Amino acid sequence: MPQPASRPRSTLASLALIGAVCVAATGALAYTAGWLSPDRLTPTKLVDALAPPTGPVRGHRRNHAKGICFTGEFQSNGAGAAISRAQAFEAGQHPVLGRFNLGTPEPLVADASVRVRGMGLEIATQRGAVWRAALINAPVFPVSTPEAFYALLQTSASKEPNAMAGFAAAHPEIATFGAWAKSPDWTASYAEEPYNSLNAFLFVDGAGTEHAARWSLRPEAPPERITPEELGRRGDDVLEREITQRVAAAPARWTLVLTLADPGDQTADPSRAWPEGRRSIEAGTLLVQRIEAEADGPCRAINFDPTILPDGIRVSDDPFPAARSAAYAKSYDLRTAESADYPHHPKAAP
Amino acid sequence: MIAGNTRFTAAQRLLHWSMALCIIAMFFIGVGMVSSVMPKYVPLLATHKTLGLAILALALVRLAVRARSGAPPLPADLPAPMRLAAELSHYGLYALMFALPLLGWAMLSAGAYPVVLYGGIRLPAIVPQSEVLHTLLWNAHYYLAFAFFALVLTHVAAALFHALVRRDGVFEAMAPIGSRIGAAPGTDSDAGHAATRKA
């Protein structure tokens, strides 16, 4: 600033400087908030893109909207402690809360119309460490990056006839997921599905050494292979009815399997499976002991954010957990604000 | 209040400027993280929670220090409306320093989120899980954060107005480094150093 020649000009220059500081600070905040970057992929955009053509279903999760709550326990055998100091891997029983769900933004669709089944899971140890996860039955994720996932959602909503062919050409990694999705071998129960983390996490052992791993829940129940047509004939809510009856009779069980990356295995791309033969650890058994309708069940309040990790587990260079966390938070904020629209009392049994 | 003081104590100035850095960082971390799906979202959120609790703790210390050390008087010739604005805005700044971390903490509690800071420090829930409460607290946290930003900006503008236009010693009372303005010889170790005033 040039040396002011007189007091009035000095005052004017000072006021201009003060104004400039305020404008610059506001501009910097606006830039950081993305208000000046309409192309930025935001949680809002991602969540909006998940909505069905008729618009989001208010009061419900924006994806995996149809679901049913469960509680139970994780019986840790202590083997997981070899790669992680997380309390959940200490031998013993740890309380579990979760939710079986369908990968759809519409909570009232028929169970046989949705290929992707999921499990939201929370293992909370007595000493207060909370581990949340959201797993699905697909062996891999459709695409490599959150940006590509957003593009996939937009393409799916597109009315152009060749949109999906063009997308598949640009994102050839979707073929693996596509082959799985098209396979007619469905199962007849939530209890017969494997549930996979898909994303790689870093498991940190007691010495502080990191081990990259993906993990899965492998069902003990033998699968009853069924076509979606046959499943559809059993009713719109067949999966919820079946799991309720099954668990009332006896707990449903899964083995928690940690699969370790070999040196050189990529951990950033959940659309690509690691080769067979990777070292794996069976860390214990998940027991689902009680099923409750979502409306009054304990899972409704929970955001199964896969970045809510206990000491001993961290995110890896896989970009998805962060993107999912941001989008899940947005979905949670929206649906809790729309609580009045949610059917809080369970509907009569079908 | 200690009569005759023209500057805040060194402890008060240290608290003021370190909290200023934290609070300004929080505005940018806050708006940045909620508009991002990038990997940085995870560390930004952890930083936001940790820094928020740090601000709450510092605010408690600051209030105690303020109660003990007081504040230098405003210039006698300060017009009454400006004096009123100064007093009200400082009540607002103090209130928001406490309110925003508490609202954030309560909002996470109402959302059944575990509140975990850097270093694995786990905080207890301070309100019960409730969708209605979560929404109320979320809105309060969101809108009051922008109000806080506006108030901080007003505070900065007023400080610069005192420093550059009125030149009445108000800015120097909280300036991080020494200034000749308002410091009687021998009362302040910084007095007599080279002038640091701008303009």
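This is a short tour of a predicted model, one selection at a time.

Before you click, some ground rules: residues are numbered from 1 along each chain as its sequence is written, while chains are lettered from A and ligands numbered from 1 in the order in which they are written. Since the model is predicted, local features need pLDDT of at least 70 and side-chain atom pairs count only at pLDDT 80 or more, but totals for chains, interfaces and linings use all residues.

**Stop one: His64(A)**

Select His64(A), which the unreviewed UniProt entry annotates as "active site". UniProt positions follow the numbering used here, feature names are shortened, and such annotations may be inferred rather than shown by experiment. You'll find His64(A) in the loop between α2 (43-49) and β1 (66-76) of chain A. Helices (H or I, at least four residues) and strands (E, at least two) are DSSP runs, numbered from the N terminus.

Is His64(A) buried or exposed? It is buried, because 27 other C-beta atoms sit within 10 Å. The cut-offs are 20 or more other C-beta atoms within 10 Å of a residue's own for buried, 12 or fewer for exposed, and partly exposed in between, with C-beta atoms placed from the backbone.

Now show its contacts (C-beta atoms, placed from the backbone, within 7 Å). Leaving aside neighbours within four places in sequence, His64(A) touches Asn101(A), Leu102(A), Gly103(A) and Gly118(A).

**Stop two: Ala134(A)**

Gly118(A) also turns up here: with neighbours within four places in sequence left out, Ala134(A) is in contact with Gly118(A), Gly120(A), Phe304(A) and Pro306(A). Ala134(A) lies in strand β4 (residues 130-136) of chain A and counts as buried, because it has 24 C-beta neighbours inside 10 Å.

**Stop three: Tyr328(A)**

Jump to helix α8 (residues 320-337) of chain A and pick Tyr328(A). The unreviewed UniProt entry gives this residue the annotation "binding site". Tyr328(A) is buried, because it has 27 C-beta neighbours inside 10 Å. Its contacts, apart from neighbours within four places in sequence, are Asn303(A) and Asp305(A).

**Stop four: where the chains meet**

Finally, bring up chain B: 32 of its residues are in contact with 39 residues of chain A. On the chain B side, α1 (10-33), α2 (41-69) and α4 (131-166) each supply at least two residues. Which helix gives the largest share? That's α4(B), with 13 residues. Colour this side by class and you get 22 nonpolar, eight polar and two charged residues. Here Ala, Val, Leu, Ile, Met, Phe, Trp, Tyr, Cys and Pro count as nonpolar, Asp, Glu, Lys and Arg as charged, and the others, Gly among them, as polar.

Technical notes
Two residues are in contact if their C-beta atoms, placed from the backbone, lie within 7 Å.
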